Amino acid sequence: MAVTVGASRLGLGMVRHLPVEARPLIRPGTVPTGVVHLGLGAFHRAHQAVFTEAAVGAAGGDWGIVAVAPRSTAVVEALTAQDNLFTVSALSATGSATRVVGALSGVRHAASDPDAVVALLADPAVRVVTLTVTEKAYQLDPVTGHLSPDSALAADLAGGRPPSTVPGLLLRGLAARAAADAGPVALVSCDNLPANGRRLRGMLDQTVGRAVGVPTGLVDWVAANVSCPGTMVDRIVPASTPETIEAVRRALGVTDLAAVAAEPYAQWVIEDDFPGGRPGWEHAGAVLTDDAGPWERLKLRALNGVHSATAYLGALAGRETVAEALEIPHLGDVLRRLIAEDVAASFTPPDGVRVVDYGEQVLARFGNPAIRHRTLQVAMDGSQKLPQRVLHTIADLRATGRSARWGALVVASWLRFALGYADDGQPLPFQDPLAGPIRAALDAGRQSPAGAVDALFALREVIPVEVAEDDEVRADVVAWLTALERHGVEATVAGAR
């Protein structure tokens, strides 16, 4: 993307000319590295980097972040040219507030220089490694939790070449760290996975246990020196667009090719298990806890699950953004019933939290018209997202004998979305790591809604057995899919009782 003509590029030389409220909270380039982050995407820049900068600004410490892009070079190149600075704009219906973030002490590109990343992971100054790499990068079966290596990870496990996957990078980095006696480290998943700390630990232990040529004793060293605290992260961060960059130019008079925009709200819940120390994130508003599980379930089910429901139904109805989808008559009522009757009954929330109140806050956030979160973006990778966002809710409800009718609507809307066309007949893109098997199953059962549901429920990679074999759930999904096929989204939600 070309630099906007007439605006200077963001960099250290520009910071002192910015309004005080737009300047970084710490002096850029002066905080030594203590954190490595894998996954240099928009979410990290708008969330963990913001929290960490605020923590260092309030409590001090050598907690600069070296952020690693696994594949894409575009953001690495942009940040390198900008002295590792970028802007975050908080957008609301009443306006925006833009400021520069100076949390990054460096950036790296894993695909072109994996050895540099391995060296960082082995550096004794680095005591925390955070990750936002999406569900796919963990290479875990979403139902069983077993490692399911692709060819690249299989090659990393075999050794003899530089690592090219996230598990492979962690494997080689920890092996080098153990060999250098570099001290303990916390690996912190910030991805939307159920029990993400335990998932990361499972991936790590399986990777180390199956690797060829690792040092004797590495398994024991990892068990004794590596923690995997669970977390819950929350901030809506749409994909950056040319308008994101142009808005920064208008606000600050600089061009930032790594700019991100987000909603004003941000939350981070972290299990406090850091053997080598950590930033003072509590000074930035993070919640430190002994158990992030209730917070994870709250967010995955009452926010992410509702987000997916809104995205599928909105996309089918031809709505481009989540906020526009919420304008569908009666959809808000349906989502409130999903929250109150299914989600709230499926788990015990954190102390002091009412799920229905949390859900109202979620719907207000989703309705922020300044956050143009595209329904098609949220709808991607449903086979990876739905198990923890919706299917676990259904399974927990049914285990207690309760109906899961509204959760069944979400499953039906995903299945209807996977068929590849909207209510008006326009084609819909279906981007999913299991797109091939899902499409094949739907083709086999295309004769009727019941056939399509049976074919989809046979995919154990997606549908847990207790859900797939539940006749009541199956009947509810068939009924909703039939209504969506015959009447479309607007008529279906209007008639929902």
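Visitor: What order do the strands of the open sheet take?
Guide: In this predicted model, six strands form an open sheet in the order β6-β3-β2-β7-β8-β9. Their pairing is parallel.

Visitor: Which strands are at the edges?
Guide: They are β6, residues 104-109, and β9, residues 226-227. Each of these pairs on one side only.

Visitor: How many bridges join β8 to β9?
Guide: Two bridges join β9 to strand β8, which covers residues 185-189. The two strands run parallel, and V185 stands opposite V226 in β9.

Visitor: What does helix α8 lie across?
Guide: Helix α8, residues 166-179, lies across β2 (33-38), β7 (128-131), β8 and β9. Its direction is at about 170° to β8.

Visitor: A new topic: which residues are buried in helix α14?
Guide: In α14, residues 331-343, the buried residues are L331, G332, V334, L335, L338, I339, D342 and V343. Seen down the helix axis, the buried residues of α14 fall within an arc of 165°, so they line one face of the helix.

Visitor: And what covers them?
Guide: The cover over the buried residues of α14 includes α12 (293-316), α15 (355-366) and α22 (471-494). Also among the covering elements are α13 (322-325), α17 (382-399) and α18 (405-418).

Visitor: Which feature does UniProt place at residues 34-282?
Guide: The unreviewed UniProt entry places "domain: Mannitol dehydrogenase N-terminal" there. In the model, residues 34-282 are 38% helix and 22% strand, and the end C-alpha atoms of that span lie 17 Å apart.

Notes: Residues are numbered from 1 along each chain as its sequence is written. This is a predicted model: local features need pLDDT of at least 70, side-chain atom pairs count only at pLDDT 80 or more; totals for chains, interfaces and linings use all residues. Side-chain values use heavy atoms; hydrogens and water are left out. UniProt positions are given in the numbering used here, feature names are shortened, and annotations may be inferred rather than shown by experiment. Helices (H or I, at least four residues) and strands (E, at least two) are DSSP runs, numbered from the N terminus. Two strands pair if DSSP finds at least two bridges between them. Contact means heavy atoms within 4.5 Å. Axes are lines fitted to C-alpha atoms, for helices over the stretch in contact, and angles run from 0 to 180 degrees between N-to-C directions. Buried means under 20% relative accessible area, exposed over 50%, partly exposed in between (1.4 Å probe, protein chains only). The arc is that of the directions from the helix axis to the C-beta atoms.
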